[in-house]
Amino acid sequence: MSKQWFDVDKAGLGKQAEQQAKGRLIGELVQNSLDEAGVTQIAVTLALVPGRPLADLTVEDDSPEGFRDLAHAYTLFAESYKRGNPEQRGQYNFGEKLVLAVCESASISTTKGSVVFDPAEGRIEKPRQKRERGSVFEGRIKLTRDEYPQVADYLRSLLLPEGIVVTFNGDRLLPRKPIRTFEASLETLVADEQGVMRPRVRKTQVSIFEPLPGETPALYEMGLPVVELGGGDKWHVNIEQKVPLNRDRDNVRPAYLQAVRVAVVNAAYDLLTSDEDATQGWVKLAGSDPRCSDEAIRHLIRLRFGEKVAAPDPSDTEAMKRFQSQGGTIVVGLSKGEWANVRRSGAVPPAGQICPTAKPYSDDPSAKAVTVIPEEKWTEGIRNIADYARFLARELMDVSLLVSVVHTTNNFAAAYGSGRLDFNLLRLGHAWFEQGATEDVDRLLIHEFGHEASGDHLSDEYHEALCRLGAGMKRLALEKPDEVRQFLLK
């Protein structure tokens, strides 16, 4: 009777392993070597077997200690010392077993002994065959000629540390220099006191790298590519701690990827230099996240819309048109999250704040009231212009006009709305009224009466109203010359 609860079918495991690219499988062996303390050299050799879909694989390192426990070479899910260290890649004791599952034969030799995996005799342990230092994996792996270049490309894509020399078939895989390195708080996995992997957020170092020609930007876990990035991402992103991958180690949760992208944008927004950069899917997603910094938001808005920008302002549509006429851009097409960040950062003020349309009176109900001059204190000149305004309003607009004269420091000469016209004596002065119905008076009245059609000086409705008023005044002067003449200076 076996004391083991489970058996593992090598052929079945091999089929699962075949779902992964062979480069990724061999990368698991390189990962194990990189995790060992004191490693300075790792040598990978791969040679196709003539006439067969096989290759001879060797991965050798110079770790002083080698395997801590040789049984881990063939025990799935053994308790790994790496589980408690977020800055080491392994946790399941799974990687080399996937490689063994696609090998016809293999052996592992280390400082604790050797183990041979024979197709006929099974596992043969040789505890006396020890190495002085380091470990070596040798195996005949299933590999076609079409798969060989993929393995080579994968190994060349590794982001290797400066202090460890890694070679492939004798050629050194050169380290790459990051274009930006920064610190970010990201989720990782760390074993608790019972050895159960638990999520935890901790600060870690993150680096971004330019992809080489032909490479797809990817998420890296301590130098090994684990997830291809498909949102138009610009760089490789290397996380210097365990990435919370799924069991197959080929994907992450969307929330984690979003956190990584936000961290990248916050730390490297200045390396985004074009509208094309700023409108990539991953950048827009990061820009809609509340964790995106104000500085990053302002930079992204400048890239997409230019330096002179304003937000739509329904309360002052004229300001929007005036802003555009001055070469500005009204920002549209942002997501709800992007707009929230834009408002928080102050990156895009409303058009009405930048070039507000003048308002004769304050919207504040507690504002000080203007001084209204009683009619009994009007001069003859004021009465004449008031009568002239009533005459034109009746003849040109069929409006029974209410005229007031006010004295206020508000910045307007006259204000019209809802059948009411206010003249501001402080701005116009007595002399303006005493000159009679001159062209200056006509210009002001036409301007104000145009607001019967629209309050927006730049609207088509206002423009058309001015045209009608001008034409109407000509008709009125021709048809009723005596009535018009009575308002002229005598």
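**Helix packing, burial and a sheet: exercises**

Helix 12 and helix 15 are oblique to each other (angles under 35 degrees count as roughly parallel, over 145 as roughly antiparallel, 65 to 115 as roughly perpendicular, and the rest as oblique). The model is predicted, so local features need pLDDT of at least 70 and side-chain atom pairs pLDDT 80 or more, while totals for chains, interfaces and linings use all residues. Residues are numbered from 1 along each chain as its sequence is written, and side-chain values use heavy atoms, without hydrogens and water. Helices (H or I, at least four residues) and strands (E, at least two) are DSSP runs, numbered from the N terminus.

**Exercise 1.** Describe how helix 15 packs against helix 12 and against helix 16.

*Solution.* 
- Step 1. Take helix 12 (residues 380–397) and helix 15 (residues 439–449): the angle is about 50°, and the axes are 11 Å apart. Axes are lines fitted to C-alpha atoms, for helices over the stretch in contact; angles run from 0 to 180 degrees between N-to-C directions.
- Step 2. List contacts (heavy atoms within 4.5 Å). Residues of helix 12 including Ile385, Tyr388 and Leu392 meet residues of helix 15, among them Val441 and Leu445.
- Step 3. Turn to helix 16 (residues 460–479). Its angle with helix 15 is about 135°, with axes 9 Å apart. Helix 15 and helix 16 are therefore oblique. Their crossing is right-handed.

**Exercise 2.** Which residues of helix 4 are buried, and what covers them?

*Solution.* 
- Step 1. In helix 4 (residues 147–156), pick out Val151, Ala152, Tyr154 and Leu155. Buried means under 20% relative accessible area, exposed over 50%, partly exposed in between (1.4 Å probe, protein chains only).
- Step 2. Check their directions. They cover an arc of only 160° around the axis, which puts them on the same side of helix 4. The arc is that of the directions from the helix axis to the C-beta atoms.
- Step 3. Name the cover. It includes helix 2 (22–35), strand 1 (41–48), strand 7 (165–168) and strand 12 (224–228).

Methods. A crossing is left-handed if the near helix is turned anticlockwise from the far one by less than a right angle, and right-handed if clockwise.
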